[in-house]
Structures are given as structure tokens and as C-alpha cells.
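I set down here what I looked up in this structure, in the order in which I consulted it.

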Amino acid sequence: MLRARKPPNDELLRQVTAIAARLREQLGLTGAVRTDVPLDEEGLGLDSMGRLDLFTAVEQECGVTIPEKYWGPRRLRNLGELARVAVGRA
Amino acid sequence: MTPGAGATPLLDLWSGFRGAVDCASSGRTWPADDLRGAADIVGRRFARAGVRPGDPVLLMVANTAAFPVALAALLSLGANPFLTFAGAAEATVRRLVGEFGIRHVVHDFAAGVSRLPASTFAVAAETPVGALRLALLATGATETALRPEGRGVILHPTSGTYGAAKYCIRDQAVAIAEARNYVGAIGVYDRCRVTVTTPLTHAFAYGFGLVSTLLTDGTLALDAAFNPKRVLREDALRSTILALVPPMVRRLADLSRGSGQPPMSPHVFYAGAPVDAGVAAAFETVFGRDLHAILGTTETGAIATSYDPAGRLAGVGRPLPDVAVTIAERAATSGLGPGLGELCVRSPSLMQGYLGAPALARDEAFSTGDIARVDDEGCLHLVGRVRDVINLGGMKVDPAEVEAALLAYPGITDAAVYPGLRVEGEFVQAAVVGDDVDVTDLRRHCLAELDAHKVPAIVHVLSALPRTPSGKCLKVQCPGYPEVLLRPGA
């Protein structure tokens, strides 16, 4: 299957971090976005639906696909891992 | 409150069931005979570990085959299962155990769902259900006066229309009555495959998905947690019925936007709360399917649906065949508009009552707390709620419980919890008073005390809460209170 080229990891991570910051701001959360903390309430503060919003925004805005198995709860530890597992859109 | 004892129509249905359960998380299909075999084994082990007829047991199992297996095992022993969210916080579980004198908890420690540390309670019995671990935990609690009488009755959690968290007693006959109503009104259950995306502990998923599938020998498709990609890839292709709640409607539409017209189950239903008109239109455009409303409450079971073979009905549709509705005038609804009043329901699927409260008379009308009107075509339209219970896609949140958690945080001197509103529905927000409040840490504290969905999504830090001279908090004057929710008497 042909896939579009995935952005370099550091560039993708920058985009993903910006999206996460935007979603956190919408939730009234403050503070810097770290890429090595959990996505959930104990880290970035995203609940289960907030995490789905993050994944959807990353796919639609970054031109990548996050494989299905990672959409289940607590399958991805942090934003860094999210950027690593994303693949170029088919 | 004493529910009827002895009747086991749900177990009778289970004994004759010829359908199956599909588990997405394991990829395994469980034919009915395998489910019954597992339930027999689980039941024997639970009995040896001390589960007795009439025992209240917390059933905390994710959406896998283990849920119906554990439910059938407990009912066959005459125990009374308290259906409880598999991801409930440890503090919630301990509170329930203490309040209801619950000596046993059935839990599956589902990966990514469970928030109960393995060390919370001692393991009294453990049995595999396929690749799943189903544990019977001994709490060490002593019995309380507040426990259900009777055997094999099912207790559904609800925050109640009027406030504090409660359990509704809904015996097995009530569940069957509700399922018959669904099947009679909707008529698309023949050889169905129903994908259920909300926890089976939720009354909608339980009645619309589990019991209706048992009644029609269908296939119930489950996933331990909502995975929109899996729904879009697999269930939309194979299922005939898809059951959603509003937040999932929006996520499926968002995820599929711009990808042509992806496949979708022929019959799509939602319940729990209204869907924003724009979100519904987006969903129907993306998938080319009508989105049908189911109106119901945990107390009453299903009330109405907008499904009609000839086309979608207005509002939330017409009452189901065995349901009678009336619109009662109330002080809080007077002056809102012609025909508006509180929706009251008589139904064979009405609960027997709240645990610890007087039983309802069988012909008693239940006041739902919803403000509604009936149009000239007999369709129901909901326009609001009499009180301010926060409704998260069908999961009700009692503000008092959240306020208590906030006030337990060091430095917080006052707190008010109230609904916010975004496009997919209500959410929990809070206003607090305190010095140098670290909101992130405060939310972390709440997460330790509350189920995750009850943690305020937005916290406003104020110098004082708006109050009346008598000291009553004016939540409607707190930051971000949705104007659309303002109503007389609120």
C-alpha cells in the first residue's frame, strides 16, 4: 500500500504539541505541554473523549494516520509516542 | 422496598438464547452455549467462595463476554447485582461498599478501563473467561440495613432526577418488558447484530443492547472501551444496529469528515441526551444514515423513539407501544409556553423503586424531571430539565458530590458545580474560592476522589461565589453558566 510521506518526527511532534496545547486551552487547563507525561487526567488532563479529539485533530491536521490499536484507552503513553506511532496517510 | 422474588424471566431467556457475543478486544465470538458453560463454571466458583442468595454484589465488568457471563452467574445464585461502571474510582467503590454493605465485588481488571488497584480487596475466587480474568473480591464489609430484599434483582445506578446518587431496583420482568417494547416499536431486531458502544451498566446499553439481543437471539458486539476506528472499520460493515450516545456521534462524524461516505450500520440510534442539531446533520451527511433518538431514563426504561419505518419522527418521536405519557403542569414550568410541563410516564418497564425508598405503585406515573410538550402528531419534544442535574451523554452527575470533593482540597473554602455546554452536550464545570489554587493539582485530587467523568473540565477560581442574602449560591451567575439552561425555578 502506498503511503504519503510522514513529516519528520521532530516536526510532527511540534505540530502534535501545538494541537494538544490548543485542546487544553479549550478545557481551561494551564501550564506548559510536556511531551513525556501521560495524556490522561494525571498528565495532560485529557479525558477519554479529549484523547479522541487529540487523535482526530492530529490525523486531520498533520496528514497522518494513527493505527486503530492505539485508539483504545491508555494505549499511548505520551505525545512523543503518539508522534512515533503515526504513519503516513494511505 | 421489597421487589418480587422468585421470578427469573431473564435467566429463562438466557437458558434459551441462541445468539452470540462478539468481543472486539479479544477477536473472539462466543456462541450462546459457550457463554452458558462459562457462567456455570463462574457461578459454581462464586458459590464456593461464599456468594449467597440475596447478597448484594457490585458487578464491575467492562464490555466483554465476561459481563453477561458474570451477570448470569450472579442471577443464577440469587444474588442481587449492583451494575457499576467498570472504570469506577477506588473511592467510589469503597463508598458503595460501605453504604450498601457489599461483601463482594466482581471485577475483570480490564486493561485501560479498570482503575481499581489489585490490592484494594482480597481475591476470594478467580476464574478465566477465555483470556479474561474474572475475580470475586471480598470487601470485608458488614451488612447494612440498606440492601435490596428479594433474590436475583438488578440494581441500576442513577444520580436520580432530583439529586443524590441512587440505585434503581429493576427486576428481571421489568428488563424483559423494556426489551419487548424496543423490539415491538423498532422492529429491526430480526437476525440483528447490535454494536453497543456504552458500558452495559448503563440502562440504555443494558436494555437496548443486551436484553433485546437475548430476546431476539441476535449477536451482541462489544468492545471494552469505545474505539471509533474499530467501529468504523468493522462494526459499521457487519452490524445492523449501532447504539451511541451524543459524544460518540460527534467523534464518529469528526473522524470521518472528508473521507467520502464511509459504511455505517443501517440503523443508528442514540440515547442519553439530545444531540446538537448541527452534529446530527453532520453525522447524517457523512454517513448517509438517519440518526434516531431513543428517549428513556434508568427509572422508567425506554419511553419513546423517533424511529419509524416510513421516516424519522419529529423530536424524540412517539411513546413506545406500552408506554403512557402525560405532561403535568408544574410551578417550574408555568409560563414557559403552551403545552409545556413535566413529562410523566407509566410503563411496564418502570422500576420498582429506589433502593432504600418506598416502592412505587405499579400504576403510578413517574415524574421524569424533563420539561416536554406533545405536538399534533403525538411526538414528544424535550425542552429542558426541571432541575440542574448535569447530564453527560446520559451519565448524570450530582453537583453536591463534586463540590464535596473540591472542598476537601486544602485551601478551597467554597465551591459550586454546574453544567457547561458545548456542541456535543453538557460538561461539568466548577467555580471555587481559595488562595493560590493550582487547578491542575486540584483536578488530580478530584480524579482520586471521583469517577473521571465527574471531574470538572473547567475550574474557575473566584474571590467569592455569587450568593443570595440567605446564602444560597446563585450558580446561574457563575462564569460560563449556559444561558440556554436558564429557566424559571432553576
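**Conventions.** I read a predicted model, in which local features need pLDDT of at least 70, side-chain atom pairs count only at pLDDT 80 or more, and totals for chains, interfaces and linings use all residues. I number residues from 1 along each chain as its sequence is written, with chains lettered from A and ligands numbered from 1 in the order in which they are written.

**Confidence.** I looked up pLDDT, the predictor's confidence in each residue, from 0 to 100. Chain B has a mean pLDDT of 88, and 92% of its residues reach 70 or more. In residues 1-5 of chain B the pLDDT is below 50. Residues 486-490 of chain B also stay under 50. I keep in mind that where pLDDT is low, the predicted coordinates should not be read in detail. For the complex, the predictor gives an ipTM of 0.88 and a pTM of 0.84.

**Overall form.** I find 11 helices and 26 strands in chain B; these are DSSP runs, numbered from the N terminus, with helices being H or I of at least four residues and strands E of at least two. The radius of gyration of chain B is 22 Å, close to the 23 Å of the globule rule for 490 residues, so chain B is as compact as a globular protein of that length. That radius is taken over C-alpha atoms, and the rule is 2.2 Å times the number of residues to the power 0.38. Of the 490 residues in chain B, 54% are buried, meaning that 20 or more other C-beta atoms, placed from the backbone, lie within 10 Å of the residue's own.

**Domains.** An automatic or database domain assignment supplies the bounds: chain B is divided into domain 1 (9-152), domain 2 (173-385) and domain 3 (398-485). The C-alpha centres of domain 1 and domain 2 of chain B lie 26 Å apart. Their contact takes 27 residues from domain 1 of chain B and 25 residues from domain 2 of chain B, where contact requires C-beta atoms, placed from the backbone, within 7 Å.

**One sheet.** I traced an open sheet of nine strands in chain B, with mixed pairing and the order β2-β1-β11-β10-β12-β13-β14-β15-β16; two strands pair if DSSP finds at least two bridges between them. β2 (28-31) and β16 (318-319) of chain B stand at the edges with a single partner strand each, so one side of each has no neighbour in the sheet. β1(B) and β2(B) run antiparallel, joined by four bridges, and B:Val21 has B:Trp30 in β2(B) as its bridge partner.

Which residues of strand β12 (residues 241-244) of chain B are buried on its two faces? I found B:Ile241 and B:Ala243 on one side, and B:Leu242 and B:Leu244 on the other. Three bridges join β12(B) in parallel to strand β10 (residues 193-196) of chain B, where B:Val196 stands opposite B:Ala243. Four bridges join β12(B), again in parallel, to strand β13 (residues 267-270) of chain B, and there B:Phe269 is the bridge partner of B:Ala243.

**Chain contact.** The contact takes 22 residues from chain B and 18 residues from chain A. α11(B) gives the largest share of the chain B side, five residues.

Notes:
Contact = placed C-beta atoms within 7 Å. Buried ≥ 20, exposed ≤ 12 C-beta atoms within 10 Å, placed from the backbone.
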